[in-house]
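Please look through the structure below before reading on.

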Amino acid sequence: MRVLIFFAAFLILTCITAAVHASEPNGEAAREIRSLMYEVWNKWDTGHPKHHKHFADDFVVVRANNANPVRWTIDPVGEEKLKEFDSDPGKRVEKAKEYQRNPSWNMGREVLHIDVKGDHALLTTIQWYSQPDSTKRITRHFSGNEVIIFRKIDKNWKITENIMGINFKQDVMHWDPE
């Protein structure tokens, strides 16, 4: 009887998982965009010189800063700023080195949703960071969502806009006294 219950549960879980993956619209395009997003993040984390390969020349950042939308700001990055960033190894690898110097720090990212309509796509993501500090006996936790817009340009998906800092949370956990 236990084997039958286990098999039934496994079958139901498999069907639910398949249904969730099958429900992603424009499956092939969504898979390609998801893969590109993880490639961008990986290049950012390692200080790779071609981090901006998948960015449009007129890339724009909107900084939500967890604020009311009437307080959001815009940062038109553009081709020149991307080239400047890519050409300066100090800027490019600063964050990667910071995490290498602090092996107890953790970070993660996940694509939560992709919606593709023709040559346009919207991604929602979550990013989180955990930074223990043994000298202060605290751990800082950060998390937040982003909305990232892709557009197909010359047959390639490019990031055109990024809305950062949505639902941003910052917590400090104090360690127990010894």
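Which helices and strands each supply at least two residues of the lining of the largest pocket? This is a predicted model, in which local features need pLDDT of at least 70 and side-chain atom pairs count only at pLDDT 80 or more, while totals for chains, interfaces and linings use all residues. Residues are numbered from 1 along each chain as its sequence is written, and side-chain values use heavy atoms, with hydrogens and water left out.

The elements in question are α2 (27-46), β1 (55-63), α3, α4 (89-101), β4, β5 and β6 (156-174). Helices (H or I, at least four residues) and strands (E, at least two) are DSSP runs, numbered from the N terminus. The pocket has a volume of about 890 Å³. Among its 33 lining residues, those closest to the centre are W44, R63, E146, N162 and M164. Strand β5 gives the most to this lining, with 6 residues. A pocket here is found on a 1 Å grid over the protein atoms alone, as an open set of points where a 1.4 Å probe fits, with protein on both sides within 12 Å along at least five of seven lines; lining residues have an atom within 4 Å of a point. Grid points are joined across faces, edges and corners, and the volume is the space filled by probe spheres set on the points.

Strand β3 (residues 106-117) and strand β4 (residues 120-133) run antiparallel and are joined by 11 bridges. Two strands pair if DSSP finds at least two bridges between them. Within this pairing, R109 has Q127 of β4 as its bridge partner. The two strands form a hairpin with 2 residues between them, and G118 in the turn has a positive phi of about 65°. On to the next strand, β4 and β5 also run antiparallel, with 14 bridges joining them. Here L123 stands opposite I148 in β5. The hairpin of β4 and β5 has 4 residues between the strands, and R137 takes a positive phi near 55° in it.

Buried means under 20% relative accessible area, exposed over 50%, and partly exposed in between (1.4 Å probe, protein chains only).

Charged side chains come next. Side chains of opposite charge can pair when their charged atoms come close. A search of the whole structure finds 5 salt bridges, a salt bridge being a side-chain nitrogen of Lys or Arg within 4 Å of a carboxyl oxygen of Asp or Glu. One of them joins K43 and E39, with 3.0 Å from N to O. These two residues are 4 residues apart in helix α2, so about one helical turn separates them. K43 is buried, with a relative accessible area of 13%, whereas E39 is partly exposed at 27%.

Another salt bridge is between R63 and D75, at 3.2 Å from N to O. This pair links distant parts of the chain, with R63 in strand β1 and D75 in strand β2 (residues 73-76), 12 residues apart. R63 counts as partly exposed, at 32% relative accessibility. K117 forms a salt bridge with D115, the closest N and O atoms being 2.9 Å apart. K117 is exposed, with a relative accessible area of 55%, and D115 is partly exposed at 25%.

What is the nearest side chain of opposite charge to R140? R140 lies in strand β5 (residues 138-153). R140 is buried yet has no salt bridge, and the side chain in question, D133, is 4.0 Å away. Lys and Arg count as positive and Asp and Glu as negative; His and the chain ends are not counted. Leaving out residues up to four places away in sequence, R140 touches Y129, S130, Q131, D133, D171 and V172, where contact means heavy atoms within 4.5 Å.
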